[in-house]
Amino acid sequence: MVAAADPIACESSEYVDPDWIVVLPRRKKRKGQPKTPPPEDEHQKPWAPPDTEVDSTKKLKLVQNMQTCLKKLESSKFYDLFINQIQDPEVSTCFTRVLGSEPKMNMVMYGIGSIESFEAPRLQLSLAILMKRRFEWVGEIEVFDPVLSATEIKVIESLGCSVMSLNEQGRRETVKPMLFFMPHCEAVLYHNLLETNWDVNKLRNMALFGNSFEAYEHHASVVKDYIASAYTKRILIARTFTDEFRIPVVPDDHCKAFHESSWHFFNPESEKGLPIV
Ligand SMILES: C[S@@+](CC[C@H](N)C(=O)[O-])C[C@H]1O[C@@H](n2cnc3c(N)ncnc32)[C@H](O)[C@@H]1O
C-alpha cells in the first residue's frame, strides 16, 4: 500500500490498524524491535452488544436502507465484474479446490463495521448476501463485529444471517471448507486466522476475501527500513503460497467499500511443510 491503504477502512470504526494505514514518513523504529501484540488478542470471549434494546424505528429504517443497498449493488457494474471474476476458470478452480468433496462452504464474516452508521459495511454485507443467493455452494453466513448494536443484530438476522455470541478474535478453525469475508480488517485478524490454521490441510480449506496480501508485500518492499510486526510477518510468509486475485474496482459509488481487496487461496506444498513463524 503505497497510498494510505485505506482511509475508508477506518470510516466505520474508531480502530485504526497500524499495519494497514500507511501514511507519511514516521520516526525510525529501532531495528530488531518488532511490535508486541496486545495480550487480549489471544482470548476468545463471550460477547453481547452493549445495548440490549432494539429500537424499532431505527430497525425499520435500517431494513429499508439494506434493501436499497442490495438492489443498488445487484444492478451495478461492480457486481457484474465481481460475479464474472468468481466464474472465471482460474478463480472458480480455486473455490472448487477448497470445496473438495463438500457441496457447500459456510461464510464467516469478521469486521463488517456498523451497518447503521456507514455505507461501506452495508455494501459489504449486501455483497456477501448476494453471493449466497447467487451460488448454491455458499452456505450459512455468520457475522461478527464488536461494534454491532442490538438493532443491527436484529436486521442482520432478518436478512438470513446469524450473529456470533463469541468474539473469536478471528480464530475460527477450518475443520471443513470455509469462506472468510473480512473486508478491510486489521492485520491482527488475518494473522489470528492464519495462525489458528497454520496447517497445510486447514489452510487449503480456506477462501479469504480481505485486504490484499500483495499490497502488504508491496508496502514492505517500498518502505525504507521496514520492520514487519508479528502480524504482518505471518501475512508476508503466507503470501509465498497464496493464489491471489484482486477484486475488480470500477470508479463508482461502491469502490470505497471494496478497494485494495482480494480473494486469497492458500496452497502450501505438503512435502515442504509450513515455515515456523
Ligand atoms: C477498519 S474497520 C473496517 C470496517 C468495514 N469493514 C469497512 O470497510 O469500513 C475494522 C473492523 O474490524 C472490527 N473488529 C475489531 N476486532 C474484531 C474482532 N475481534 N472480530 C471481528 N471484527 C473485529 C472493528 O470493530 C472494525 O469495525
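Helices (H or I, at least four residues) and strands (E, at least two) are DSSP runs, numbered from the N terminus. You're looking at a predicted model, where local features need pLDDT of at least 70 and side-chain atom pairs count only at pLDDT 80 or more, while totals for chains, interfaces and linings use all residues. Residues are numbered from 1 along each chain as its sequence is written, and side-chain values use heavy atoms, with hydrogens and water left out.

Select His184, in the loop between β6 (178-182) and α6 (187-196). His184 isn't a glycine, yet its phi is positive, about 55°. His184 counts as buried (under 20% relative accessible area; over 50% is exposed, in between is partly exposed; 1.4 Å probe, protein chains only), because its relative accessibility is 8%. Now hop to Glu260, in the loop between α10 (255-258) and β9 (261-266). Glu260 is another non-glycine with a positive phi, about 60°.

**Next: the rings.** Rings of Phe, Tyr and Trp (its six-membered ring) pair if their centres lie within 6.5 Å; planes under 30 degrees apart are stacked, over 60 edge-to-face, the rest tilted. The structure holds 16 such aromatic pairs. Pick Tyr110 and Phe180: their centres are 6.3 Å apart and their planes at 20°, so this pair is stacked. Tyr110 is in strand β2 (residues 105-110) and Phe180 in strand β6, 70 residues apart. Tyr110 is buried at 2% relative accessibility, and Phe180 is buried at 0%.
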